[in-house]
Amino acid sequence: MKIPAQLVNLLGIVVIAAILLAGVALIALPLYGQAQATDSETRTVSQTNDIYVAQVTQLQTDADRMPQISADVETLRRGIPVIPQLDDVHELVGAAATETGAVVVSTVMTDLVPWTPRTDLGAILGEDGATAAAPEQPSAAETPDAAAGENGAPPADETSAPATDSGGDGSSPQQQVTATIEVEVTDAAQAAAFIDALGAGPRLLAIGSSVLTKDDDGPLKLIVTAYAFLRTEN
């Protein structure tokens, strides 16, 4: 039986097409997918290398600035005394109020407690947010002269819990006192200026949180939670 030439050609075309399709599906497509994955990994590695290069460059720059960084750290270290020196905190608050025109309502201090690293908001505010508010019953009143300092006006109502010069309970060389500062301000800009002025030193005072509130018929009030530190080790 003789097969027509046209049918043979058609069968040949079908077989060739099937081989080509099988080659594309079994060889070309997997190779293309692998090439795309490799190209994507190459771009990712290149971007990671660029990040590493930027980090290394920054570290090299910081290494060149080590003397200045060490001097800055030592300056901050001198702002951490070996005794509470709470009068310095009151003077700093008074000076910040005088500089910005804010009116100090109260400054409330807690007792000395061991210093705790603050890595998240919960560590700053506490589990129930208690450190963001002033203690309801301060244990002793601070005199206006000590609260005002050399450059600040005396606040209307300022209280402070007693603290010994021994550095707390002695369980840790690093101690802290939480200060809740309430001032009256005219606007948010004055509030921001007051917070910035609290960092002027020389007594190291770290700002933990700040809240700007206003009663229906009252003045605008800023409540700042700050931390004063001390370290009994030399």
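Select Arg65 to start: at 38% relative accessibility, Arg65 counts as partly exposed. This is a predicted model. Arg65 and Asp62 form a salt bridge, with their closest N and O atoms 3.4 Å apart. Asp62 is partly exposed too, at 22% relative accessibility.

**Next pair.** Select Glu182 and Lys221. Their side chains meet in a salt bridge, 3.3 Å from N to O. This pair links distant parts of the chain. Glu182 sits in strand S3 (residues 174-185), Lys221 in strand S5 (residues 220-231), and 39 residues separate the two. Lys221 has a relative accessible area of 22%, so it counts as partly exposed.

**Into helix H1.** Select Asp39 and Arg43. Here the closest N and O atoms are 2.1 Å apart, again a salt bridge. Both residues belong to helix H1, four residues apart, or about one turn of the helix. An α-helix has 3.6 residues a turn, so residues three or four places apart point the same way. Asp39 is partly exposed, with a relative accessible area of 36%. Arg43 is partly exposed at 45%. How many salt bridges are there by this rule? The count comes to three.

**Stay in H1.** Helix H1 covers residues 5-64, and Leu11 is found there. Select Leu11 together with Leu7, Leu10 and Val14. These four form a nonpolar patch on the surface. Together they have about 360 Å² of accessible area. Leu11 itself is partly exposed, with a relative accessible area of 48%.

**On to the loop.** Select Val82. It lies in the loop between helix H2 (66-78) and H3. Is Val82 buried or partly exposed? Its relative accessible area is 42%, so Val82 is partly exposed. Val82 and Gln174 are 92 residues apart along the chain, yet their C-alpha atoms are separated by 9.1 Å.

**Finish at helix H3.** Select residues 86-100, the 15 residues of H3. At 1.5 Å a residue, this helix should span 21 Å. The C-alpha atoms at its ends are 21 Å apart, which agrees. Now colour the buried residues of H3: Leu86, Val89, His90, Leu92, Val93, Gly94, Ala96, Ala97 and Thr100.

Terms used. Residues are numbered from 1 along each chain as its sequence is written. This is a predicted model: local features need pLDDT of at least 70, side-chain atom pairs count only at pLDDT 80 or more; totals for chains, interfaces and linings use all residues. Side-chain values use heavy atoms; hydrogens and water are left out. Patches are made of residues with over 30% relative accessible area and no salt bridge: like charges are joined within 9 Å, nonpolar side chains (Val, Leu, Ile, Met, Phe, Trp, Tyr) within 5 Å. Accessible areas come from the Shrake-Rupley method with a 1.4 Å probe; for residues, only the protein chains shown count as cover. Buried means under 20% relative accessible area, exposed over 50%, partly exposed in between (1.4 Å probe, protein chains only). The expected span of a helix is 1.5 Å times one less than its number of residues.
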